Every structure is written in structure tokens, then in C-alpha cells.
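Here is a short report on one protein model. Please look over the sequence and the fold before reading on.

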Amino acid sequence: MASLHRHMLPTDVLHWTASDVASFIRSLGKGSRWGIYARNCMERGVDGAVVAQANIDDLVGLGFHKIHANRVYCVLKGIKGVKILGSNQLSMPFSEGERSQVARFEEYCDMLDTSERKIESVMENLASEVGTMLQISTSSYDQMLKWIRREREQAQTQFECKYKKMMKTLTLALDKIRSRKETMTKDFRRLRNLAESSDWTDTKTRMAHINAIVNKSLKENVALLVLKPSVKMKFNKS
């Protein structure tokens, strides 16, 4: 098939266009690497006049692996009937067995190239996925921080509100207790005055006065004695 393609090209290599050169390159191998070589020649405008003067180093400069560059060089020299080009670039007239081995080696090189591209593609995809996951985790982390700040602000607001209410309740209770203490101090003075001035033989009258003062004081202050201020708070669980 390769020789058939070459027979369809102009006989004189110098008359080849860049498209003819690309067709010639593709005819030399089955692997995808040869298609890449052909595209490179087309993109760089490598025609017959250029490729006819190219040595192996020139072909390597165009992106050919050295073993492939040598194959191109040898085939071109066979077409042109020239075995030597330049001071130290020699053609290699392979036998059929040697060409078969070289072809196997080229296929192996193509397999390595394909594997390399696949691995590079997987690595690129992996790097992209890792970047996406990092963005998602960063976004989730930011959302969590916002939720924590919001909940903290709500809790702080509740604490401050309940604190103010509790302080107000305790202040009122403290004022009442102090007021009642003053009243009880006066009642205690009345009891003492009563004890000092009363006729201790009149037990019934004395007890009536004492009971009246004590019962009145206890009645007014019993609510303060059981006062237990409390604070209840609710938090969102979501």
C-alpha cells in the first residue's frame, strides 16, 4: 500500500508539493505518529525541494524521531538514487528482514507515543478534577463559615437580650428586697419598742401586737423569699 501511494506521486521529488510530501510521509507507517509528521510538514510548507535536501538532523528538527527520520531519509535516497547527503549522513540500505524489524520498532515507538498521550490526558483530567474538587470544598467551607458566623451572631444577640432582661428582673427584685428590708427594720424597731413599753403581765395584748407586726411583714415579703429568676434560650439546630 505504501509503494502504491508513492507511485501516485510525481516521479521527480523536486516537483512534489507540501501535500505530496505529506502523502509520502503518511505512506511510510501505519501509526498515528506518521500522521502527525505529515501534518507538521503541511503546516510548515515542506515541499519536495525542501525534503530532497533534508538530512536526518533536519528531519529530527521537523519533529521526527531519529529512527523515523532515518526511514524517510533512506526511502528518499532510494527514490532519487542518491546514497549520501552531506558530510556524515549515510543512507542505510536495509534488507527485507531488517526493514521488518525496523517497522516493528517503529510500531513500538508509536505505542509508546500513544501511551504517553493517554497518560498526559489522564493527568490533565485528574488535575482539572482536583481543581474542581478544591473549588467545591472551598465553597462549602466558606458557606460553613458564614453559617457559623450567623449562628454565633444570633446566639450573641440572644445572650445580650436575655442578659438585659435578667439584669432588669434582678435589679427590680433587689430594689424590692432593699425596700422591704427598710420596712422590716422599722417593724423590728416597733417590736423592740413594744417589748420595752408593754405591760409584760398582759400576755394576750402583747402577743396580739407582735403577731400583727410579724404576720404583716411576712405576708409582704414571702414572695421575695421564693423569687428565682431564670433564663431560657433556644438555638437553631439546622
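## Terms of burial

A residue is buried under 20% relative accessible area, exposed over 50%, and partly exposed in between. Thr 183 has a relative accessibility of 24%, so Thr 183 counts as partly exposed. The model discussed here is predicted.

## Overall architecture

The protein contains eight helices and two strands. Along the sequence the order is α-α-α-α-α-α-β-β-α-α.

Of the 238 residues in the protein, 24% are buried. The accessible surface is about 17,500 Å². Carbon and sulfur atoms account for 59% of that surface. Take the contacts between residues at least 6 apart in sequence: 61% of them join residues at least 24 apart.

## Confidence

The average pLDDT of the protein is 76. A score of at least 70 is reached by 74% of the residues. Among the elements, α2 has the highest mean pLDDT, at 93. Strand β1, residues 84-85, has the lowest, at 35.

The pLDDT stays below 50 over residues 81-92. This stretch still has 24 contacts in the model beyond near neighbours in sequence. Where pLDDT is low, predicted coordinates should not be read in detail.

## The nonpolar core

Which residues touch the most other members of the largest nonpolar core? They are Phe 24, Ile 25, Leu 59, Phe 64 and Val 72, in a core of 25 residues. Five helices each supply at least two residues of this core: α2 (18-26), α3 (32-43), α4 (48-52), α5 (56-61) and α6 (66-80). Helix α6 gives the most, with five residues. In soluble globular proteins, nonpolar side chains tend to be buried together.

## Aromatic pairs

Two aromatic rings are described by the distance of their centres and the angle of their planes. Rings pair if their centres lie within 6.5 Å; planes under 30 degrees apart count as stacked, over 60 as edge-to-face, and the rest as tilted. The count by this rule is three aromatic pairs. For Trp 16 and Phe 24, the ring centres are 5.1 Å apart and the planes meet at 45°, so the pair is tilted. Trp 16 and Phe 24 are both buried.

Trp 34, Tyr 37 and Phe 64 form a cluster linked by ring pairs.

## Cysteines

How many disulfides does a search of the whole structure find? The search finds zero. Cys 41 has a relative accessible area of 3%, so Cys 41 is buried. Cys 161 is partly exposed, because its relative accessibility is 36%.

Helix α7 spans residues 96-197 and includes Thr 183. Thr 183 and Ser 217 are 34 residues apart along the chain. Their C-alpha atoms are separated by 7.9 Å.

Leu 191 also lies in helix α7. Its relative accessibility is 23%, so Leu 191 is partly exposed. Which residues does Leu 191 contact, leaving aside its neighbours within four places in sequence? The contacts are Ile 210, Ile 213 and Val 214. Between Leu 191 and Ile 210, the C-alpha to C-alpha distance is 6.6 Å. In sequence, Leu 191 and Ile 210 are 19 residues apart.

Note on methods: Residues numbered from 1 in each chain as written. Predicted model: local features only at pLDDT ≥ 70, side-chain atom pairs only at ≥ 80, totals over all residues. Heavy atoms only, no water. Phe/Tyr/Trp six-rings, centres within 6.5 Å; stacked < 30°, edge-to-face > 60°. Buried < 20%, exposed > 50% of the residue type's maximum accessible area, 1.4 Å probe, protein only. Core = buried A, V, L, I, M, F, W, Y, C linked by side-chain atoms within 4.5 Å. Helix = DSSP H or I, 4+ residues; strand = E, 2+ residues; numbered from the N terminus. pLDDT = per-residue confidence, 0-100. Contact = heavy atoms within 4.5 Å. Disulfide = S-S within 2.5 Å. Areas by Shrake-Rupley, 256 points an atom, 1.4 Å probe, with all protein chains shown as cover.
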